[in-house]
Structures are given as C-alpha cells and as structure tokens.
Amino acid sequence: MIGSLKQLRPLHALYRRYALSGFRASLGRRLLRTLKLAGHLRLVTREDLEDRGGAFTAIPYGPAEVVVYDDARTHPPTSRNPEALRAKTLHFSEPRVFEVVDAELVGWTPVGFDAQSRVILETIPAPFAPVDEHLDHHLPLVPLLLQRLPMGPSLELDVAALLTNAWTGNYWHWLIDVLTRLEGLEDYAARNGVEPTLLVPDRLRSWQSDSLTAAGHTPANRVVWRTRRAKVQRLVIPSFRRQYDKGDYHRPVSVVACRWLRNRIVDNLARVEKAPGSFSPRIYISRRDAAFRRVANEDEVIQALERIGFETYTLSDMGFAEQVTLFTGAEVVIAPHGAGLANLIFADTPIVIELFSPYVIPLNANLARGLGFPYGYLCGAYPRGASPGRDGHMVVNVKHMLDLLETMEGRRC
C-alpha cells in the first residue's frame, strides 16, 4: 500500500518526511529496546557470517580493491570542500557470498532469520551508520513480531536469494545495492551447479524487470514476493559491494562491481535491443517531476545550457535501455542530485557537475570520482519560503555553473 501511495507526489513527500523523521527513529528505538530486553532481537552480523568456525559458509569471489578519489571541484574554487568530497584513498575488502542453512524470510518487506531466529543484517539495507542507529531507521518491526508467531511458512524453497528490501524501490539502490550483487550469485551457481531462485519485489517495476533481464537473469528464475513467510533450505547472500570497515558499510561503492554490471548490461543490450535513438552527448537531467530536490530556476538553467549545445532529459520519461544508451554516450552530465545519476556506471569518462542545495549528499560524488570521472559540484540556495534539509529544492547560480563547466572542459583539453 505504501508503495502505491508514494507514486503520488504529495503523499510521497509526507511519507518521506515521516521515514526520515526523528519521531520514527524515536519510536523504532523504543520498540527495539523493548525487544532486546525481552531477548527477541538477536543479530547475525557480517563478522558472524565470515567466522570460519561458525555455522555459515563464506566464499570470496572477487578481489580486494584500492580506490583513489580526486578532490571535487566547485566554483568559486575553494580549499574547504565538504569532508566527504575531499581527496581520499579507500580500501575495499574482497566480496564474499554467504550461505545460510535453514533460513526463514518474514514480512511484507522480508527480513532474513537464521535457524536460531536471529536477524541476518545482510538482508536489510546496508548499515551506513553505527548498527543500533541504523536499525532504528531501517529494520522493519513487523517481521520481528510475525517471526515470533506460531505460523508455518506459506512458501518453501530449496536455494534462493533475496533481491528485495526496504530500499529496492529506489532506482539508485536497485542498481548499486542489488544488481551489483548478482556477480556473487553467479559465482555461487558456477561453484555449486545450482542457480538460486531470485525473490523479487511485488509489483516489479519495468526498469527493475528490464535491468534484471539485461543483466542476464530472465523471468523464468524469479519468484515475486507475495507471501509473508517462507522457509529457505539454503539462503544465498552476496555481501553488499560497499566499503566495509569496523562493523559498518560506508557510502563508497566497489568500482569492480560497477564495471562488472556495466559490461554485463551494455553488452547484453547491444545484442538484443534495437538502438533506441540518438541522444546529445551534452546532457542536463531534469527533476521537474520529482517531489524533492527540484531546481527552482530550471528554465534559466536550461536556456543557458541549450545555448552551448545541451539537451534536457527527464529520466522518468525514458525506458531502462534508453537511459543506459543516454549515459553510455554522455560526454558531459549536469544534474541535480538524484537517483538517476546511478546511470553514471554506464558512462565512459564524462565530466559530471552535480547540483545541490546547501545540503550535500556524497553518494554520486563518490560514484563518479571512484570511476575516475572529472567531478564538480555547486551548492545553491534554498528558494525563498522553501523547507531546508536533504530533500530541499535549490536555486542554481547559472554563472557559477557555466564558469565551472568552462574550467573543467578547459582542464580536459
């Protein structure tokens, strides 16, 4: 029901404010504390899954990585970039695929439990904060309650993998936190001679279905999650392809995983799709139809960019193959922060300029810089009378945007 309501912009806005609110976190904190005290909340962490003396199987299937991130550029130039946008070098541990025997999946948005009824953290969105804080926001409470009820499973599976959680309705997280993990499932299938059944979200959207197919996973091996409880003899869980350190995942994404996904999808689309049309290599992405982070003076921005050869695209009007093709040929990408910039993984080496309100979210900055793209950003102002914060709309300084683009194109030359 929530998924349907979120398709309507005003209701989507209200729901998101609630989801990010301190009220929800406070409520979740109180309920989780009660469950912990009663002994009803026990966790399986990544360290538990990797413990060689434990009850789980953990097989590495790719290399460790060292990724270098250049300092982000802006205009006017500054030596005081936000910390998340400064130059850095990060280490990524080797990815692993885990096998949990006698697992259970419970809930409308399913959560995985092991045979001792412990929550498997790798089945909920990756914890980008200390674990307790993350659970306050992102661990659904209904599965914890349903799992305690004496109900038998309505679905039984032999070998399966979970491709749905609270974030998989978001295009960015679907590409980056779901599809990049398919590499681990394919390694598991090759090693064990059995392909896990893919449990996918109810009401699978066209871009989800099309991207899965383009990644090489056809509908024949999918089961739509329309139950509330399932028993899985062997639950296969690839680790999230994020930087991992001291018990928590962080925002930067594995470059190896992104390139694997890019090559798989671009190669498959080239074989099975007709060319969806030609697009400008100089692209501006509009969020005019979005509930959040719209450019208030977008007409002015578009007019300025059209004069130097840009075309404007609204990604919600495009099919998945069109979006891939658009970014594959992009030479310059300018866009307000949004989920559609996950498509940068399909690009070659474009110049990227990301537009923010005063609130900076580093997801796409990390993605672009990790892939080695020239990356710049601009922080605008909130429109008069608008609500501030991470989802606030923005007023872009057009002159600064054009000056930044000229500087970045000049450096490329």
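**Figure 1. Lining of the largest cavity.** Strand β11 gives the most to the lining of the largest cavity, with three residues. This is a predicted model, in which local features need pLDDT of at least 70 and side-chain atom pairs count only at pLDDT 80 or more, while totals for chains, interfaces and linings use all residues. Residues are numbered from 1 along each chain as its sequence is written, and side-chain values use heavy atoms, with hydrogens and water left out. Helices (H or I, at least four residues) and strands (E, at least two) are DSSP runs, numbered from the N terminus. A cavity is a set of points, on a 1 Å grid over the protein atoms alone, where a 1.4 Å probe fits but cannot get out; lining residues have an atom within 4 Å of a point. Grid points are joined across faces, edges and corners, and a volume is the space filled by probe spheres set on the points. There are five cavities of 30 Å³ or more, and the largest has a volume of about 150 Å³. Of the 15 residues lining the largest cavity, E122, L162, L163, R181 and P238 are the closest to its centre. At least two lining residues come from each of β8 (155-162), α7 (171-178) and β11 (229-238). The lining comprises eight nonpolar, four polar and three charged residues. In this classification Ala, Val, Leu, Ile, Met, Phe, Trp, Tyr, Cys and Pro are nonpolar, Asp, Glu, Lys and Arg are charged, and the others, Gly among them, are polar.

**Figure 2. The largest nonpolar core and the surroundings of F320.** A nonpolar core is a set of buried Ala, Val, Leu, Ile, Met, Phe, Trp, Tyr and Cys residues joined through side-chain atoms within 4.5 Å. Buried means under 20% relative accessible area, exposed over 50%, and partly exposed in between (1.4 Å probe, protein chains only). The largest core has 67 residues, and I265, F320 and F327 have the most contacts inside it. Helix α10 (residues 255-272) supplies the largest share of this core, seven residues. Contact means heavy atoms within 4.5 Å. Leaving out residues up to four places away in sequence, F320 touches Y171, L175, W207, D210, S211, A214, I265, L269 and F346. V301, A304, V396 and V398 are among the 20 residues of a second, separate core.

Figure 3. In helix α11 (residues 298-306), the buried residues are E298, V301, I302, A304 and L305. Seen down the axis of α11, these residues fall within an arc of 165 degrees, so they line one face of the helix; the arc is that of the directions from the helix axis to the C-beta atoms. Helix α13 (residues 363-370) is mostly covered, with eight of its eight residues buried. Among them are N364, N366 and R369. After α13 comes G372, with a positive phi near 85 degrees.

**Figure 4. I334 in strand β16.** I334 belongs to strand β16 (residues 332-336) and is buried, with a relative accessible area of 0%. Not counting residues up to four places away in sequence, I334 touches I283, Y284, I285, L305, F310, I353, L355, M401 and L405. I334 and M401 are 67 residues apart along the chain, and their C-alpha atoms are separated by 9.2 Å.

**Figure 5. T57 in strand β2.** T57 lies in strand β2 (residues 57-60) and is partly exposed, at 36% relative accessibility. With residues up to four places away in sequence not counted, T57 touches V97, F98 and E99. T57 and V100 are 43 residues apart in sequence and 7.0 Å apart in space, C-alpha to C-alpha.

Figure 6. The peptide bond from H75 to P76 is cis, with omega near -5 degrees, and P76 is in the loop between β3 (65-69) and β4 (88-92). D102, in strand β5 (residues 96-106), has a positive phi of about 55 degrees although it is not a glycine. D102 is partly exposed, at 38% relative accessibility. S117, another residue other than glycine, has a positive phi near 65 degrees. S117 sits in the loop between β6 (111-113) and β7 (119-120) and is partly exposed, with a relative accessible area of 24%.

Technical notes: On a 1 Å grid over the protein atoms alone, a cavity is a set of points where a 1.4 Å probe fits but cannot get out, and a pocket is an open set with protein on both sides within 12 Å along at least five of seven lines; lining residues have an atom within 4 Å of a point.
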